[in-house]
Amino acid sequence: MIGNKKNFFCEKCNYKSFKWLGKCPYCMAWNTFKAVNINNDHYKSSIEYYNINDIKYSENKRIVLHDMELNRVLGGGIVEGSISLIAGDPGIGKSTLIMQLCININKTILYISGEENIYQIKNRFVRLKDKNFLNQEIIVFADNNFENVIQIINKLMPNIIVVDSIQTLYYNDNLGSINQLKYIANVLMNMAKKNNIAIILIGHINKEGIIAGPKVLEHIVDVVLLFENSNNNFPYRIIKSLKNRFGKTSELAVYKMENKGLVPISNLSSIFLSKSNKEIVGNVVVIIQEGLQTILIGVESLVSNTRYNASQNFAIGYNYKRINMLIAVIEKFCKISVNSKDVYVNITGGINITDNSADLGIICSIISSYKNIPISRKLCLTGEISLSGEVKEVIDIDKYIVTAIKSGFKTIIVSSYNNIQSYYDDIEIILINNVSELINVLFI
Ligand code: TYD
Ligand code: MG
């Protein structure tokens with residue numbers, strides 16, 4: 001019965017908890033928690049509601065960063081009072097990116113590190129810029145006790161807080177438990193909103209690729225940025241926004257890790273292509289869109305006789321279930337028997353593609369390897385494939401064509417369903433309806 005349920009409120013700051021606490025994690029006062037029935041007056045009096053017309057509209061105030069690429073991914077900068085999570089494999093460059101952000105901003109920043117001591121942190125900051133660089137207001141706090149963290153936040157009330165990393169904070173000796181992580185993130189979120197502080201949480205990813213110390217963080221925070229690189233030998237690091245309460249998702253920025261930190265790359269159109277013009281069997285160029293950017297990317301496939309009892313498919317940088325689907329489409333609509341072979345597909349450049357318009361190029365690359373016929377390096381393709389083998393239209397196809405022309409491509413294969421707005425002299429546009437036509441165009 002709801003009447004029997006209890007909440008606990010801190011008498012000093014009104015912090016709510018579902019269980020009794022000896023010490024308030026928000027205002028740090030002792031013995032202030034009082035039990036209150038859910039239908040009791042205290043609870044009712046804390047309920048506030050408004051007619052939509054009475055609420056004053058205010059646009060989110062943003063802290064604009066010096067890094068234009070990161071600004072773009074965030075939708076114009078970090079929103080004041082927001083909480084963002086930046087997640088990625090250990091060693092990918094999360095601390096480096098956020099330290100660069102701290103150095104180049106004129107705000108009071110509290111840098112909380114549970115991973116390194118103050119000297120190591122200072123060394124890292126110095127490595128990123130010359131000694132007399134610093135934003136004069138970076139306060140370093142090397143501690144992982146959450147109660148101390150709350151105390152220092154209450155004392156300093158900075159504009160920005162960085163927590164490096166959220167997994168190293170502990171509360172009540174409960175390092176690493178999911179409930180604790182949720183609790184810490186919730187307390188921080190309340191602090192961010194109440195005091196208009198922008199909080200950046202750094203989080204490591206576990207082997208399964210799940211944002212470690214779990215998915216639950218993704219639900220709590222306002223913004224989730226994923227830092228990735230599927231190929232360790234590749235110098236580029238890719239940041240994608242997976243969630244953004246204040247902007248578009250699937251925006252992407254690319255950085256190169258150099259001696260003095262991460263350097264943003266603003267023109268992405270062809271950094272994922274090999275510089276060589278040599279035609280190689282199984283190598284094809286696809287053109288896709290990630291966020292607002294149209295990018296040319298190399299795809300390579302290898303079709304070989306299976307080494308196992310049953311054939312297997314492998315994919316790096318693309319959803320392997322989708323590769324299985326594309327193989328079934330090739331089998332049925334191109335009458336090519338790839339099902340009994342092992343098929344390896346690799347998206348070059350360490351990028352994980354989420355745009356399905358790479359489908360047509362991947363099919364082309366698999367068939368090229370199967371038939372041992374190379375594809376011209378001056379040709380690129382774009383189009384998502386349906387289960388009936390049709391090549392679907394791409395929205396804003398002219399943008400794709402212009403990108404291909406700018407990078408010197410002479411032929412582009414696209415869906416005939418596309419609504420091409422302009423006439424192009426510099427490129428041959430081949431229109432196809434379905435994958436079987438691809439065979440007629442390239443492989444006969
Ligand atoms: P780091 O930011 O510590 O990664 P994370 O916080 O995600 O664990 O960066 C890790 C790697 O980057 C490390 O192996 C060293 C390298 N690095 C450079 O190559 N150049 C630099 O200027 C810096 C600061 C780091
Ligand atoms: Mg780090």
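**Exercise 1. Identify which residues come nearest to ligand 1 in this predicted model, and describe the shell around the ligand.**

Step 1. Of the 16 residues around ligand 1, those that come nearest are G91, T96, R124, E258 and G261, where a residue is near if one of its heavy atoms lies within 4 Å.

Step 2. At least two shell residues each are supplied by α3 (94-103), α4 (118-128) and β13 (252-258), helices (H or I, at least four residues) and strands (E, at least two) being DSSP runs numbered from the N terminus.

The model is predicted, with local features needing pLDDT of at least 70 and side-chain atom pairs pLDDT 80 or more, while totals for chains, interfaces and linings use all residues. Residues are numbered from 1 along each chain as its sequence is written, chains are lettered from A and ligands numbered from 1 in written order, and side-chain values use heavy atoms, without hydrogens and water.

**Exercise 2. Find which backbone atoms approach oxygen atoms of ligand 1, and state how much of the ligand the protein buries.**

Step 1. Taking a polar contact as a pair of N or O atoms within 3.5 Å, a polar backbone atom of G91 lies 2.7 Å from a ligand oxygen, and one of I92 lies 3.3 Å from a ligand oxygen.

Step 2. For G261, a backbone N or O atom is 2.6 Å from an oxygen atom of ligand 1.

Step 3. Ligand 1 taken alone exposes 560 Å², of which the protein buries 75%, with accessible areas from the Shrake-Rupley method and a 1.4 Å probe.

**Exercise 3. Decide whether Y50 is buried or exposed, and locate it.**

Step 1. Y50 sits in the loop between α1 (41-45) and β4 (62-63).

Step 2. Y50 counts as exposed because its relative accessibility is 55%, the cut-off for exposed being over 50%.

Notes. Polar contact = N/O pair within 3.5 Å; in protein donor to acceptor, adjacent residues only side chain to side chain. Buried < 20%, exposed > 50% of the residue type's maximum accessible area, 1.4 Å probe, protein only.
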